[in-house]
Each structure stands twice: as C-alpha cells, then as structure tokens.
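I opened this model to go through its two chains and how they meet. These are my entries, in the order I looked things up.

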Amino acid sequence: MVARFLAHDALTAQAAAWARDYQLLAPVREGQAVVYRPWAKDMHPFLGRPPTSSAKQALLPQTENLLTYTYRKDHADLTKTEVFLAEPLPSEPTVVLGCRPCDARGRKLLDRVFLERGVKDPLYEARRAVTLFITVACQRMENTCFCHWTGGGPMSEEGSDVLLFEVAGGYVAKAATAAGEKLISALPEAPQKAQEELAALLASPVEPGSAPDLRQVPQRFLALFDNMDFWMDQSARCLSCGVCTYLCPTCSCFNITDENSGLKGKRLRTWDTCMSALYTLEGSGHNPRISRAHRLRNRVGHKFCYHPQEFPGAGDSQPEVSCTGCGRCIKSCPVSVDIRSVVLDILEKGENQ
Amino acid sequence: MSQNPYMPQLATIIETFDETPDIKTFRVVLQDEAAMRAFRFEPGQVGQLSVFGTGESTFVICSPPTRMDYLQFSVMRVGELTHRLHTLREGDPVGLRGPLGNHFDYEAMKGKDIIFVGGGLGLAPLRTLLLFMLDNRADYGKITLIYGGRTPEHLCFKDELKEWAERGDMRVELTVDNADKNWQHRTGVVPAVLTDLNVSPENAVAVTCGPPIMIRFTIQALEKLGFKDEQIVTTLERRMKCGVGLCGRCNIGEKFVCVDGPVFTQAQLKGLPQEF
C-alpha cells in the first residue's frame, strides 16, 4: 500500500473533505478537554494528545433511538387507544478522526458484546459496518497508559482503517483496510524524507516496558470475591460518579427509557454505569450491589475475570480482557482510583486467599 | 437489518383484576392473530411488558403454554412502570417482548414428586409450571404446594388455591405471617411448614420462588431435609432492561439472569460468585 502524506496545514481542509462524504467525528479542544464533536464549519481538529473521551460514541452513541411510538385516540370512543411503532432511522456512514490505537481496539471488544455473545444487536451491527477509524499512532506513552498489558500497543493497527504517524510537517497516512485505502486515496504520496522518518520510527518504536502476567487474575479475583475488606479498601475513595465507565472505550452497559412528548415519543438507549446504586436496584428495594465495594468489584471483575471466562484466549497466552489500557479511567478519576493497582493487588492478595 | 430485538409486539389487555391490594393480574393477547397462534414459550420464561411513554419491565408469563387463550402476567405495584401499568384497563394496548430467558426443566422432573414452595408473588412462576403439570398430570408423581403470604389478603390466585386444594390429586398447604379471625390454615413462615411436613427428598424436586430472604431459608430447610443441590430449583429476580444479555445489569459473575436464567438449580447457583 502506498504511504500518503497529510500535511499539518492541510488537516482542516481534508477533514472538511471527509465531512462532505461522511458524518465526521473529530477531536477538538474544549477547555482542558479534547472531545469528539460532529464536524461543523470553522472547526479545527486537534490530534496532539489522546482525546479525553473515547471513540466508542461512534459505535454506541451516548443516546440513540431504539424505536418510536405514536398513540392514536379514537375520537368516536375515547376509551379506545391504538399505538403504532416504527423502527429507528438507519445509520449514516461515519468517519472517526484522531482516535488512538487503544480506542480502535475497543471496537473488537464491543463486537464481543454486541455481535458475538448471543443475540446480535442490529443497530450496533449496522453502525459498525459503516464506521471507519482514522487512528493516530502513539509515539510516547503517558504515565496512565497501559495498552501493552492488554494485548495492544502504541502503534497497533488492530481495529483501525487508517493509521497516521506524525513526522516533520504532518502525518504519514497508511491504510490498514481497503475502506481505509479509499479514504486516503486523494492524499499525495508521502515524500521520500517523510517515508524515511517513518521507517526510523517503526524501527525504534516507543518501548512500553514490561507487563504483568494476567493469567492468574480471574482465579484470584474469584478467590477474593467474598473478601469484602479487600473491596472496601479498594473502593474507599470511590465516589460512584461513573466517569470511569463513561470514558471507557469498552464499557457498554446501557439503560432503556422512554422519552414522551404528547401522544408520541421515543424509546432511547443511553449509556449506563455499573458504578451507580440505581443500576441494579430492584423494584422490591433489594439491591445485589448495595455498596461501592460491590460495584467496583463488578467493574474490575467484568473486565478482568468475567470477560476472559466468557471469551477464553488460546492456550497459555495472556487472557483477553475487556480493557484496552487507555488509562482514561485513571486519568479522569476525581479521587485517583487506579485500575492497574487494583489488578496488581488482586494478583498479590488473591494468591493466598 | 436483522430483527430489532428491542421492538415489542403489540398486545391488548383483554382482562384485568386485582389479586391483592397491590398486585394486579393482566391477561393479554397479541394484536396480530397469526403471531398469537404462533407464539411458543416454555414454563418459567419471562416477557417484557411495555407501556409506551413510561418504559418496560420484566415479568414471568404466569399462564402455561398448555392454555394459550391469553398470556397472563401478575404485577406488583412498586415502581414507575408498574404504577402506570396498574392504571390500564381492558382494551388498552401494551407492548410485549418475549419469550425471554430459560425455563423449568419439566422433562427432567417427569416421574418425580414435585414440591412447590412459594411466597407472595413468587407463586407466579410456580403457577405456570404447576398448571402445566396439572395439564400433564400423569407425567408427575405427588404434587405439593406450600404457599405463604403476609396476611390472607396478600395471597395471590386465591380462587385457584381453593380449586387446587379441592382437586384431590395435589396437596396445598397455606400459611400467613399474620392471620385474621377467619383464617383456617397455618400461621408462620414458609420454611417452617417444610420442616413440619417433613417432606421427603426421595425421588423429589423442590421448586421455590419468593422474596430473597424466604428463598434463602427455604433452601436451608430443604438441605436439612436431605435435598441435594440438584433437587432444588429456583427462579431469580433481577433488575433487567434489554432482556437479551446485552445491557449488562443482571449479571452474576459471567452469567446473565436474563439469558442463562432466570431458572437455576441450587447446584448452578453454588458455582457462581455469591452476589444475589
């Protein structure tokens, strides 16, 4: 495949060009944060650091319509009411610009839930089929990054359609899929100097350091399951705010609610969070996850125990975990709960439990 | 696009009546007659009832597949959706998604004595299986129902309780926590009745449903009587939304109550993280 070149000063114009053919989600600065926004005039994409929010909203929007309903009253007999249901509108082809390899890998883990677990989610499936990821390869690891624990890497192309490598004056763009190839076909071929710079970059990529052996985590998590002292200790600071789950590229739990307006309305799917007490509160008042300790245990357990149990990896390899090591839950946690240290504590304290 | 699993079928309430001060029974039929004729489910499976504009919630189909004139749901008024549902009348439209979840393994129960142990509205899923068994009476051994409630007024399916007691081919033992002056049955909690009757575990299966605290003490009583984990079957309540294993909230460890349950044997429950 031909390496192409996207100059820094051509980025905004190119984004506008993509936005003509696709719905474009691009990262922009808003205050201290970098967030994805639908393309609008006078927008300037910012690719300088990993966005504060993950790119999962492209595949699983924060709010989406599952169906619409309309009531019709019989004016001759007001006790009679009919209801009519309609399917949601189909998804539009979408390009996500400027996500990171950890975001792109999140796509694989969302697929596990929505396409491979049992019932296929047709809304997700349709959106998945028309969404392309243009990913910026990472040339340094932030101190919250741990993609190498989870099977990813700072320059991994898994889940991406195009990978952008920053070099002097712009980006070398390399397609990872045929759809990605088409997306960058209008860009000029990368000049010799940029190609050499890329070759040097690939020859000595950022060294992520060593990763712990996670194979024992599921077993040790279950050994610690009933040790509430351990979980109280781990969750003592947690505020149940849920930011960890909202920013996570793999957290996919959702709520379903109706939004009514007169005689019609929508049934909506919205992101939910297992960190909320309301998440599991039953009508009777019974709540199986009544404390923050129970809920943190579920979040960590789902990612590092239940997911590998459900999707066991091959043979003796590291388990597939439902985490891409993007570190957003660590970086944005208001009280510095660090999922890495929870996992390491499970490994250590679960051994002799 | 493949079938939208969130799209309910439209149904109409054909009958509704009060069971207790806060429990109402709804009998519904699908508006599409062909779909109603084609509707298949197994005892113990659940459905999601929708009131469009308020939401939807999960209830067991408490009529058996052997009686398909309607699908019955008995609903306690506890939250937003159930309050709204209780205001509906005959002729009103609702949505129905289902059947969802697994079911009672009535094949494995054939030839065995069946002990139903229920509390309050926990009788609803037991009713489905009980009526199914009564409609296939020759396939099963002795059938016993032990059922309790807070007061006589709080017992569900009162007419049927009387009818079942008079059938002669099953035993019915009723108990309440607080009796009134007309009460002619037992007083006390359900697990105590089990112990008092000294129910034999030989060639028997116990099926229990009720409030979590009742289930816990019922299982303890059954274990004391010698019931093995495989002989104890229960059906779990969980907050659910999607009903198809996607939305996440009803997990117990790696299992989802909405697809792997709601019916579990005590042996299966012991293999799961203890988070009920």
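This is a predicted model: local features need pLDDT of at least 70, side-chain atom pairs count only at pLDDT 80 or more; totals for chains, interfaces and linings use all residues.

**Entry 1: a strand pair in chain A.** I looked up strand 10 and strand 11 of chain A and found them paired in the antiparallel sense over eight bridges. For a residue-level check I took Ile256(A), which stands opposite Arg269(A) in strand 11 of chain A. I noted for later reading of side chains that in a regular strand they alternate between the two faces of the sheet.

**Entry 2: where the chains touch.** I then turned to the contact between the chains, where 44 residues of chain A meet 38 residues of chain B. On the chain A side, I listed the elements that supply at least two residues each: strand 4 (63-73), strand 5 (81-86), helix 2 (101-115), helix 3 (122-129), strand 10 (254-261), strand 11 (264-271) and helix 9 (292-310). Which strand of chain A gives the most to this side? Strand 10 of chain A does, with six residues. By class, I recorded 20 nonpolar, 13 polar and eleven charged residues on the side of chain A that touches chain B.

**Entry 3: chain A as a whole.** I counted eleven helices and eleven strands in chain A. Its C-alpha trace spans about 75 × 70 × 40 Å along the principal axes. For 353 residues, a compact globule would have a radius of gyration near 20 Å, and the 23 Å of chain A agrees with that. Buried residues are 43% of the 353 in chain A. Of the contacts in chain A with a separation of 6 or more, 70% are between residues 24 or more positions apart.

**Entry 4: chain B as a whole.** Chain B has seven helices and 15 strands. I read a span of about 55 × 45 × 35 Å for the C-alpha trace of chain B along its principal axes. In chain B, 49% of the 276 residues are buried.

**Entry 5: domains of chain B.** The domain assignment gives domain 1 (9-100) and domain 2 (113-235) for chain B. Their C-alpha centres lie 24 Å apart. I found 16 residues of domain 1 of chain B in contact with 14 residues of domain 2 of chain B. On the domain 1 side, strand 1 (9-20) and strand 5 (71-76) of chain B each supply at least two residues. That side of domain 1 of chain B divides into nine nonpolar, five polar and two charged residues.

**Entry 6: strand 1 of chain B.** I followed strand 1 of chain B to its partners. Eight bridges join strand 1 to strand 2 (residues 23-30) of chain B, and the two run antiparallel. They form a hairpin with two residues between them. Glu15(B) stands opposite Arg27(B) in strand 2 of chain B. Strand 1 also pairs with strand 6 (residues 93-100) of chain B, antiparallel over four bridges. There, Leu96(B) is the bridge partner of Gln9(B).

**Entry 7: backbone details.** I looked for cis peptide bonds and noted one joining Gly98(B) and Pro99(B), with omega about 0°. Pro99(B) is found in strand 6 of chain B. Another cis bond joins Gly261(B) and Pro262(B), with omega about 10°. Pro262(B) lies in the loop between strand 14 (255-256) and strand 15 (263-265) of chain B.

I also noted positive phi at residues other than glycine. Ser240(A) has a phi of about 60° and lies in the loop between helix 7 (228-235) and helix 8 (243-247) of chain A.

Definitions and conventions:
Residues are numbered from 1 along each chain as its sequence is written. Chains are lettered from A and ligands numbered from 1 in the order in which they are written. A residue is buried if 20 or more other C-beta atoms lie within 10 Å of its own, exposed if 12 or fewer, and partly exposed in between; C-beta atoms are placed from the backbone. Two residues are in contact if their C-beta atoms, placed from the backbone, lie within 7 Å. Ala, Val, Leu, Ile, Met, Phe, Trp, Tyr, Cys and Pro count as nonpolar, Asp, Glu, Lys and Arg as charged, and the others, Gly among them, as polar. Two strands pair if DSSP finds at least two bridges between them. Domain bounds come from an automatic or database domain assignment. The radius of gyration is taken over C-alpha atoms; the globule rule is 2.2 Å times the number of residues to the power 0.38.
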